[in-house]
Amino acid sequence: MEFDRHTFYIAASYGMVIVAIIIEMLAVRRRRASALQQAEMMTAIQAPPTGGKSATRANGQVASEAS
Amino acid sequence: MSVFKFSAPSRFYHLAGNLIPWFAAIAVVLTVYGMYLGFWVAPVDYQQGQAYRIIFIHVPAAWMGMFIYLVMAGWCAVSLIWNTRLSSMMAQALAPTGAMFTFIALWTGAFWGRPTWGTYWVWDARITSTLVLLFLYFGFLALRASINDPRRADRASSLLALVGVINVPIIYFSVRWWNTLHQGASVSVTSAPKMAEVMLMAMLVMVFACWAYAIAIALHRVRSIMLEREGHTDWVRQLIAAR
């Protein structure tokens, strides 16, 4: 009977350790994915238009058509 | 070759990426070995019964909670004095892991205290000062999160961390300075250990496992922080373009 009670205390302790580590690992993975996505967006915003002059012209055409 | 060249986030990012698998592997191997020693090799304690096996995670977690805070405060001091970017990022990366270990120390301590002392919680100096340590970690994280400008957040949280460092010696010496329910140190550098050799061995193996885990997870987190804070720089653009 005493061993059963002690088993509960041990399980509650080590169980919480496992839960805490899983939560921390998931949080770290999620933050990594979010940071990568954010960096990709910033890179895309700051990147020069691909295709040089023709792309600029294409953008200009679109702008003039819109106006 | 100087080690200071790794203080540049662009270089440290790659170094951290190479180190993570090694520390993760060390953490797994040591945890398996420590658990084997703690649960299969170490005998039952004649006074505390099976529940004493909680100390194989409780003591390492408590040590890590204090140790990580000291390291974090060290990085904060470097950040304040030399205004280096990497040091504040390292402090930021260590704080959640330190909080996690402190929480585990309090939680496992409660489940060890119930069969040993007859109570989950008592407001004695050691336990209360450890709870204060957890609140300091929360305060550090909350203060950082509440300030939008990262450099201002670095300075404010660094100051808080440095002021809070006074709590670490209070935790450590609380069992000597006050009459506490929590027992004194079983392991000390100045005296012989007060526990069986195999139990001490299992506990020390778990301490090294926790160290390796904390290093691996902090390095993983600091890489994300670098991407978040250095997203406008050329090295991050090159890194993303190369993916």
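This is a predicted model: local features need pLDDT of at least 70, side-chain atom pairs count only at pLDDT 80 or more; totals for chains, interfaces and linings use all residues.
## Nonpolar surface patch

Helix H1 of chain B, which spans residues 9-41, supplies the largest share of the patch, with four residues.

B:Trp40 lies in this helix, H1 of chain B. B:Trp40 has a relative accessible area of 68% and therefore counts as exposed, since the cut-off for exposed is over 50%.

## Cysteines

The count of disulfides over all chains is zero. A pair of cysteine sulfur atoms would have to lie within 2.5 Å to count as a disulfide.

B:Cys76 counts as buried because its relative accessibility is 1%. B:Cys210 has a relative accessible area of 6% and is therefore buried as well. The cut-off applied to both is under 20%.

## A buried aspartate without a salt bridge

B:Asp124 sits in the loop of chain B between helix H3 (85-117) and helix H4 (125-146). B:Asp124 is buried but has no salt bridge. The nearest side chain of opposite charge belongs to B:Arg126, 7.1 Å away, whereas a salt bridge requires the charged atoms to be within 4 Å.

The side chain of B:Asp124 does reach backbone nitrogens. One is that of B:Leu181, at 3.1 Å, and another is that of B:His182, at 2.8 Å.

Definitions and conventions. Residues are numbered from 1 along each chain as its sequence is written. Chains are lettered from A and ligands numbered from 1 in the order in which they are written. Side-chain values use heavy atoms; hydrogens and water are left out. Helices (H or I, at least four residues) and strands (E, at least two) are DSSP runs, numbered from the N terminus. Buried means under 20% relative accessible area, exposed over 50%, partly exposed in between (1.4 Å probe, protein chains only). Lys and Arg count as positive and Asp and Glu as negative; His and the chain ends are not counted. A polar contact is a pair of N or O atoms within 3.5 Å; within protein, one must be able to donate a hydrogen and the other to accept it, and residues adjacent in sequence count only if both atoms are side-chain atoms.
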